[in-house]
Amino acid sequence: MSNKTKNDASELIAGKIAKLPQAGELSAIDAWWGLVAVVFLGIILLVSLYPDPYARILSFVQDGVIVTILVTISTFLLTMVLGLICGLGRVSKNKFVYGLTSVYVEVIRGIPLLVQLLVWYFAFPAIVVRIGAALNFRPFQQYLANPIMMAIIGISICYAAYMAEIVRAGIESLPVGQMEAARSLGMTKAQAMRTVILPQAYRTIMPTIGNEFISLLKDSSLVSVVAVADLTRRGREFMSTTFMPIETWLMIALLYLLMTLISARIAKIVENKTKLEK
Amino acid sequence: MKTANEPIIQIRNVYKYFKNDIQALRGVSLDIFPGEVVMIIGPSGSGKSTLLRSINRLEKIDDGDIIVDGLSVTHHEDINALRLEVGMVFQQFNLFPHLSVLENVVLAQRIVRKRSAEEAETKALALLDKVGIYEKASAYPLQLSGGQQQRVAIARALAMDPKIMLFDEPTSALDPEMIQEVLEVMVQMAKEGMTMVVVSHEMGFARSAADRCVLMDSGRIVEEAPRDELFTNPKEERTKQFLSKIL
Ligand SMILES: Nc1ncnc2c1ncn2[C@@H]1O[C@H](COP(=O)(O)OP(=O)(O)O)[C@@H](O)[C@H]1O
Ligand SMILES: [Mg+2]
């Protein structure tokens, strides 16, 4: 028995080694990192060869880069949670849950993200203030929207509607036999979802989630219209004080490109790690 | 004689309709006794799978009742307890492809039977040894042949300590050279006294393991016979007709 167990352990290790990327895959990864390096070098060259204005632009917008990354990552996390919940609602047998999540998905997907952001930033606080006035409730009357908060909520609620459909498609793409096998082993529906369905659905939708992250990163530039000092807004501020549109937007575009290229590489690595063993 | 006991599965006048007005089961009654091996044969679409799936409530029946070891499929509260008594093996294996062979057999033991990791793994390895897949414990399902996958699926079901095993065409998706290795495992189980309901047209299995064969057609049971007599000495015209097509 113990001998057999040992064999087992060494097979497990062999399995892990087999999981490392093959030669072909590795060089493909390198080629794409090469593109990242080129863009990065481009930025470095511009900054060091022409410190005026490129170094000035970079130092002016650096806090905008931080805000953009912050908004993107926190929105992404919220989107994943909300999208998962609504995706489960979209495959629910419960008519009320299904109906509610379906209406949410359809309504949200029918309104442009920019308009949704304007609603959250301008209309929503106005409604709160009115309700406060009607009820004579002070905290509501003095309500002031926090721009970053509203931006994160607005994008998350919008992106979660799309994420819900991605999650639903991922779940529905699995053979029904998976759920049936789990149920016939005595698992509850929730246990089957958690241990059998979602781990597989997650692997199927991983590439799509990566793409969503990149779209999110780019769409985060919309928050610049609701007073969030992200990369785009900082770019506009720099341009309006210096009147150097070409240099400013070249730099901003390169910075976005660098971030999206890096995100795409990371997404690819995660995707390869989670692929099913064949 | 086995049939002297109480039946462990009582199927009583069961009806099942699907939404598109298809009558999949039309008044099926059948008693199955502990330790008995019952084979169900019949043309495609005759309701064999539906009957099998009704026993562990993968399908809800519309009329009649099925009582499994005292638990009724029509009582919702009983359903997970009932499913624990009934193991199921599918035509398409339905192994969990994201888990290793060992993890496939361990998973439900851990979360449903609440066994410790050690206990579940010991049990899983013993069962994998029994079905001849011990060496592949750390492989993934898609790395195995169909026959190997089906044997893992059997081990996975057995790990829950069911009293009854249901097989829905367990060898139909297999290449001919792999059928035997799966049948051997099933014959062994039958010898050990497992109650089995097997939808299959494998004559060899009927000969070596079946206590009774049942022919279904259009949602009804047409004929029942002990051992492999249904194959060798059919009485009903419908049975002869069907056998002439498959043999
Ligand atoms: N989920 C379903 N929805 C609608 N009709 C079904 C479904 N499952 C089975 N049927 C129908 O019920 C009948 C019996 O099917 P089934 O039990 O699968 O037969 P068998 O296993 O004997 O081939 C067939 O006419 C089939 O088309
Ligand atoms: Mg069938």
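I count helices (H or I, at least four residues) and strands (E, at least two) as DSSP runs, numbered from the N terminus. With that, I read chain A along its sequence as α-α-α-α-α-α-α-α-α-α-α; the tally is 11 helices and 0 strands.

Before going on, I note that this is a predicted model, where local features need pLDDT of at least 70, side-chain atom pairs count only at pLDDT 80 or more, and totals for chains, interfaces and linings use all residues. Residues are numbered from 1 along each chain as its sequence is written, chains are lettered from A and ligands numbered from 1 in the order in which they are written, and side-chain values use heavy atoms, with hydrogens and water left out.

**Chain A overall**

I looked up how much of chain A is covered. Of its 278 residues, 41% count as buried (under 20% relative accessible area; exposed is over 50%, partly exposed in between; 1.4 Å probe, protein chains only). Chain A exposes about 15200 Å², and carbon and sulfur atoms supply 71% of that (Shrake-Rupley method with a 1.4 Å probe; for residues, only the protein chains shown count as cover). I also checked contacts (heavy atoms within 4.5 Å): among those in chain A between residues at least 6 apart in sequence, 75% join residues at least 24 apart.

**The interface**

Next I turned to where the chains meet. Chain B gives 31 residues to the contact and chain A gives 26. Together they bury about 2600 Å², 59% of it on carbon and sulfur atoms (the accessible area, 1.4 Å probe, that two parts lose on being put together, summed over both). I find 1 salt bridge between chain B and chain A (a side-chain nitrogen of Lys or Arg within 4 Å of a carboxyl oxygen of Asp or Glu).

Which side chains make it? Glu180(A) and Arg53(B) do, at 2.7 Å, N to O. Arg53(B) lies in helix 1 of chain B and Glu180(A) in helix 8 of chain A, so the pair joins two chains. Arg53(B) is buried at 13% relative accessible area, and Glu180(A) is buried at 17%.

**Helix 8 of chain A**

Among the buried ones I list Gly177(A), Met179(A) and Glu180(A). Their cover includes helix 9 (189-219) of chain A, together with helix 1 (48-55), helix 2, strand 6 and helix 5 of chain B. Just after helix 8 of chain A, Gly186(A) takes a positive phi of about 95°.

**Other salt bridges**

Over all chains the count comes to 21 salt bridges. One of them pairs Glu237(A) with Arg234(A) at 2.7 Å, N to O. Both sit in helix 10 (residues 231-242) of chain A, 3 residues apart, about one turn of the helix. Glu237(A) is partly exposed at 28% relative accessible area, whereas Arg234(A) counts as buried at 16%.

**A nonpolar patch**

Last, I looked at the surface of chain A. Val103(A), Val107(A), Ile111(A), Val115(A) and Val119(A) form a nonpolar patch there, with about 380 Å² of accessible area together. Patches are made of residues with over 30% relative accessible area and no salt bridge; like charges are joined within 9 Å, nonpolar side chains (Val, Leu, Ile, Met, Phe, Trp, Tyr) within 5 Å. Helix 4 (95-109) and helix 5 (113-135) of chain A each supply at least two residues of the patch. Val103(A), in helix 4 of chain A, is exposed at 53% relative accessible area.
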